[in-house]
Amino acid sequence: MDRQGALGQLRAAVETFARTYLATDDRWGVGLSGGPDSLALTAVAAQLRPTTALIVDHGLQPDSATVAETARAHAISLGCVDAQVVCVQVGNDGGPEAAARAARYAALNAWRGGPVLLAHTLDDQAETVLLGLGRGSGPRSIAGMRPYDPPWCRPLLGVRRSVTHAACQE
């Protein structure tokens, strides 16, 4: 029985996703927050294709520039061909989380190098569905996040967050 480690599981998930949805010559962007989910995805993506890490600095915390620079350095050390920090202004529409998400997606969407991989996991998918149902969103909530909604790519939607954390330990 094949008992691949967490990095192997993530690599298999990303390879399967890429074969299903992406052209073989695509250069990838990967949204990197610096957390374990996005760090694990960045590590795997950089092994498979030329990858640019896209780090969004929301400027909402005093040390956000330091956090962004640390994420940029990690991306380069993981093998990314480039790592870009994009500073954004967060508005007020929809509350702080919604405004930050809107600013982040706008910044990531401005990158035109190819598809953008996002590190949403199965746990994030469950949270999205439950929160949507709690708001009364109906059938759209049950659908959850789409794995491929160009330019957004979510190759880890079938992977538990515990696997991304284990991959960081590896």
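Biologist: Which residue in S3 does Leu54 stand opposite?
Modeller: Leu54 stands opposite Gln84 in S3. Before we go on, this is a predicted model, where local features need pLDDT of at least 70 and side-chain atom pairs count only at pLDDT 80 or more, while totals for chains, interfaces and linings use all residues. Residues are numbered from 1 along each chain as its sequence is written, and side-chain values use heavy atoms, with hydrogens and water left out.

Biologist: OK. And where is Val56 in that pairing, opposite what?
Modeller: Val56 sits across from Val86 in S3. Strand S2, residues 51-57, pairs with S3 in the parallel sense over six bridges. Two strands pair if DSSP finds at least two bridges between them. Strands here are DSSP runs of E with at least two residues, helices are runs of H or I with at least four, and both are numbered from the N terminus.

Biologist: What's the strand order in the sheet?
Modeller: S3-S2-S1-S4-S6-S5, an open sheet of six strands with mixed pairing. S3 (82-87) and S5 (148-149) stand at the edges with a single partner strand each, so one side of each has no neighbour in the sheet.

Biologist: What does S1 pair with on the S2 side, and over how many bridges?
Modeller: S1 and S2 pair in the parallel sense over four bridges. Val30 faces Ala53 in S2, and Gly29 is opposite Thr52 in S2. Towards S4, two bridges join the parallel strands S1 and S4, with Gly29 opposite Val116.

Biologist: Switching to helices. Which strands does H2 lie across?
Modeller: H2 (residues 36-48) lies across S1 (28-31), S2 and S4 (116-117), running at about 170° to S1. Axes are lines fitted to C-alpha atoms, for helices over the stretch in contact (heavy atoms within 4.5 Å), and angles run from 0 to 180 degrees between N-to-C directions. H3 (residues 64-77) lies across S2 and S3, at about 170° to S2.

Biologist: What handedness does the S1, H2, S2 unit have?
Modeller: That β-α-β unit is right-handed, and so is the one made by S2, H3 and S3. Right-handed means that, with the strands pointing away from the viewer, the path from the first strand over the helix to the second runs clockwise.

Biologist: Last topic: how many aromatic pairs are there?
Modeller: Four. Phe17 and Tyr148 have ring centres 6.4 Å apart and planes at 75°, so that pair is edge-to-face. Phe17 is in H1 (residues 6-21) and Tyr148 in S5, 131 residues apart. Rings of Phe, Tyr and Trp (its six-membered ring) pair if their centres lie within 6.5 Å; planes under 30 degrees apart count as stacked, over 60 as edge-to-face and the rest as tilted.

Biologist: Which residues make up the ring cluster?
Modeller: Ring pairs link Phe17, Tyr21 and Tyr148. Phe17 is buried at 7% relative accessible area, while Tyr148 is partly exposed at 30%.

Methods. Buried < 20%, exposed > 50% of the residue type's maximum accessible area, 1.4 Å probe, protein only.
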